[in-house]
Amino acid sequence: MSKQYIKIALVGQPNVGKSMLINAISNAKLKVGNFTGVTVEKKSVRFDYKDIDIEIIDLPGLYSLSDFGEDEKVAKEFLENEQYDLILNVVDSTNLERNLKLTTQLLELQKRMVIALNMSDEARNEGIDIDEKQMSAVIGTPCIKVSALTKEGVDKMIARAVDTCKFVFEENKMVFSEEVEEEIDNIVTFFAARNFKQMHVKSLEDLTYRQIALELLEGKKRSFHALHEEPIWLELHELIMDSRKHLYLHGDSEDIEEIFAHERLAIAKGLVAETTKSDKKQAHTLTDKIDRFLIHKYVGIPIFLFFMWSLFQLTFEIGSIPMEWIDMGFVALGEAIGEHIPSEWLRSLIVDGIIAGVGAVIMFLPNIMILFLGIALLETTGYMSRVAFMLDGFFHHFGLHGKSFIPLVTGFGCSVPAYMSARILKSERDRLLTLFIIGFMSCGAKLPIYVLFAAAFFEPTQAGNVLFIIYITGAVLGLIAAKVLKMYVFKGGDEPFVMEMPKYRFPSLKLIWHTVSTKAWMYLRKAGTYILAASMIVWFASNYPKNEILQNHYERDIAQATTPELAKALENRFLEEKLENSYLGMVGKFTEPLFTPIGFDWKMTVALETGLAAKEVVVATLGVLYSLGEDVAEDSDGLAEQIRNNISIPSAAAFIIFILIYLPCLAASAVFTKEAGHIKYLGWLLLFTTTVAYVLAYLAYKITGLFFPL
Amino acid sequence: MKTVFDLTKAEAATIKKLHATGDLKSRLLSLGFHKGAEIVINECTPTKQTIQVTVEKMKLAIRMNEAKEIEVYE
């Protein structure tokens, strides 16, 4: 017998702890998608509960079932058109009225439903006492008190969801005001009198008279489309017009949406009044107190900048400690393994190719983890939306929307989720504009390159500041680019800015750990697969084709060398020349003229080109290239040392600027194309970023050259 | 006509009417800007373009342009 399968749609307003609840249910042992930030795509979690196969679809948060915003459309379309067994509606117990407004809309869908009264522990602390039995009875839907934080009630909630699926669905009760009910009755009576058969009307087959009447009153397109070809429509139309007029008069508004919004609010308020007691009214919550500082008119932004600065300081200062160990560990590993491999080419492949390339990438794991920890904290505590608020006015000057801050800051982690989270922007123009400048926010994979160069050219005490400056430079350039694009390309009006600022919440350590460890694991996995393969390719391309003539020529010269120093020098020249004649050398040499004006040698050129696949590969390539052709005696030196000896300061500055701006990696470019909606935008992005990167790198090269002449 | 735009920091008022239309109105309604709801100004940004308000226990950021669309009782 096959297992019973239940599909649950998880629905709730934003910031009610849906993601945390999923984490609490599934024990985080399952493969759960990227949790931080805005849930922009629906994600699913699958697990077994007492021999039942349960799938939970985590829908993006939505305030109401309207078509406002891409992410809300995703949720609405899913709820109205897809097959599922049950809606699990998560509500915030500390703010019931607002949350229940959505619940009333969900009840109208007439599906099996269970309501999770989340954050019940927090509500208790605030003196809110909810009678969930009473509430269940009033709306005819089970309500369960849960807390995603303490896991209280989570098992009970799942058990109820499973039970609910076993029984026949009973239409739930929800009563509007007398006036609305009267109009619904009128239409229902009309249907009955005409013996209207909705089962023969497409898309209305499963609805009751009451549901159709309600949809018509509310002005839902579905019912109008379905009915206006029917013979009944002529009279029905008139009836609806009359009903509407009554409602307009009664509701003192000509807007049916507003009237129903009030109806729902009234139902929610009534429900709250009937089922909850609140014993104390807190005049100033903790959130108010924190906000007095963090969003203060004058100190708010300096505090934010201080946080960001601290993050980059930490990234470098703390991250560099294990980094040295890892670096030395890989060098030692290479030497130890190298001794036991007799075959020369295999030794070179493993030591110079794989270990040098993968090691160069893994070395930066601590930095990456600290950066993602910072971003996760920013997102989960509720601070991010404050920053969006504070920066909105400033952003507005550059033609950006305050909300653009969220995808932009996500971009500091990885461009892929950043591109996806740009969906929170409603207007197409704002979204495209934001998509185009996300690349200016250096992603985590670019961090290793900056750390490497900062360590190569600056004192350790300065390196953290340098990192901060690089990131800020990227952000500022991004703003300027936005302004230019807005002025010449994405012209037009502004999207309104209305945004919730959630309560400050202490982040769940488990969720933070989950996020950071997932990212760390993904990074390691990438190093073990993608980067490993890339390192091998780079190694191969830098060692082949074998040049017998060259080799024989140098071998003879070296054998004839009179002093050991001369032999050494010759051997180095040989390695250098061999590299230049390899496939990689050929590609590098061929494209080098393009980059000579901005001071790149062919090795940097190649590193840049391999970086189009993934930014981590840049460091891996540098690792392979500089560990091959260099002074053998100094081979145990770190990569930073090699960089300092081989690259001039102006070239390094130009390189950093170019890396900062040019096209994101393959994966990100693919997501960009998907989110922008057309391949032509990728072409524009390529043209735009490359031009800007080249021009600015040229300027950086020339200007730095004035201070540090070659 | 007095709107949220005219309120100063820490001032409270009751919403009388939403003049916004279309999407903005939908959004305002779903976020709790109802006729009869109380609104308090918490903070504004240095450029005075954006304000943070509390409506129905919820903190929200809105732009001054949007604030002009929300009429309040004198």
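**Close-up views of a predicted model**

**View 1. A:A9 and its partner in β3(A).** A:A9 has A:I57 of β3(A) as its bridge partner. The model shown here, as in every view, is predicted. The two strands involved are β1, residues 4-12, and β3, residues 52-58, both of chain A. They run parallel and are joined by seven bridges. β1(A) also pairs with β4(A), residues 86-92. That pairing is parallel too, with five bridges. Here A:V11 is found opposite A:N89 of β4(A).

**View 2. The six-stranded sheet of chain A.** The sheet is open and its pairing is mixed. Reading across, the strand order in chain A is β2-β3-β1-β4-β5-β7. Which strands stand at the edges? They are β2 (43-49) and β7 (143-145) of chain A. Each has a single partner strand, so one side of each lacks a neighbour in the sheet. On average, neighbouring strands are turned by 25 degrees against each other, ignoring direction. In a regular strand, side chains alternate between the two faces of the sheet.

View 3. β2(A) pairs with β3(A) in the antiparallel sense. Seven bridges link the two. In one of these, A:D48 is partnered by A:D53 of β3(A). Two helices are also shown. Helix α5(A), residues 132-139, lies across β5 (113-118) and β7 of chain A. Its direction is at about 160 degrees to β7(A). Helix α6(A), residues 154-166, packs on the sheet. In chain A, α6 touches β1, β2, β3, β4, β5 and β7. The direction of α6(A) makes about 170 degrees with that of β5(A).

**View 4. Packing of α24(A) on α25(A).** Helix α24(A) covers residues 548-560, and helix α25(A) covers residues 564-580. Their axes are 9 Å apart, at an angle of about 170 degrees. Angles over 145 degrees count as roughly antiparallel, so α24(A) is roughly antiparallel to α25(A). From α24(A), the contact takes A:L550, A:Y554, A:D557 and A:I558. They meet A:A567, A:L570, A:E571, A:F574, A:E577 and A:K578 of α25(A). By class, this contact holds six nonpolar and four charged residues, with no polar ones.

**View 5. Packing of α31(A) on α32(A).** Helix α31(A), residues 666-676, packs on helix α32(A), residues 679-707. The angle is about 125 degrees, with the axes 8 Å apart. That angle makes α31(A) oblique to α32(A). The crossing of α31(A) past α32(A) is right-handed. On the α31(A) side, the contact uses A:S669, A:F672, A:T673 and A:A676. Facing these in α32(A) are A:I679, A:Y681, A:L682 and A:L685. Six residues of the contact are nonpolar, two are polar and none is charged.

**View 6. The contact between chains A and B.** Chain A gives 29 residues to the contact, and chain B gives 28. Four elements of chain A each supply at least two residues: α3 (96-108), α11 (256-275), α17 (383-397) and β9 (498-501). Which of the elements gives the largest share of the chain A side? That is α17(A), with six residues. The chain A side divides into 14 nonpolar, seven polar and eight charged residues. A strand pairing also joins the two chains. β9(A) pairs with β4(B), residues 58-63, in the antiparallel sense. Four bridges make up this pairing. A:V498 stands opposite B:I62 of β4(B).

**View 7. A:E254 in its loop.** A:E254 lies between α10 (233-251) and α11 of chain A, in the loop that separates them. Is A:E254 buried or exposed? A:E254 counts as exposed because it has 12 C-beta neighbours inside 10 Å. A:G338 is 84 residues away along the chain. The C-alpha atoms of A:E254 and A:G338 are separated by 81 Å.

**View 8. Chain A as a whole, for orientation.** Chain A contains 32 helices and nine strands. Along the principal axes, its C-alpha atoms fill a box of roughly 115 × 60 × 55 Å. Of its 710 residues, 45% count as buried. Among contacts in chain A with a separation of 6 or more, 75% join residues 24 or more positions apart.

Technical notes. Residues are numbered from 1 along each chain as its sequence is written. Chains are lettered from A and ligands numbered from 1 in the order in which they are written. This is a predicted model: local features need pLDDT of at least 70, side-chain atom pairs count only at pLDDT 80 or more; totals for chains, interfaces and linings use all residues. Two strands pair if DSSP finds at least two bridges between them. Axes are lines fitted to C-alpha atoms, for helices over the stretch in contact, and angles run from 0 to 180 degrees between N-to-C directions. Angles under 35 degrees count as roughly parallel, over 145 as roughly antiparallel, 65 to 115 as roughly perpendicular and the rest as oblique. A crossing is left-handed if the near helix is turned anticlockwise from the far one by less than a right angle, and right-handed if clockwise. Two residues are in contact if their C-beta atoms, placed from the backbone, lie within 7 Å. Ala, Val, Leu, Ile, Met, Phe, Trp, Tyr, Cys and Pro count as nonpolar, Asp, Glu, Lys and Arg as charged, and the others, Gly among them, as polar. A residue is buried if 20 or more other C-beta atoms lie within 10 Å of its own, exposed if 12 or fewer, and partly exposed in between; C-beta atoms are placed from the backbone.
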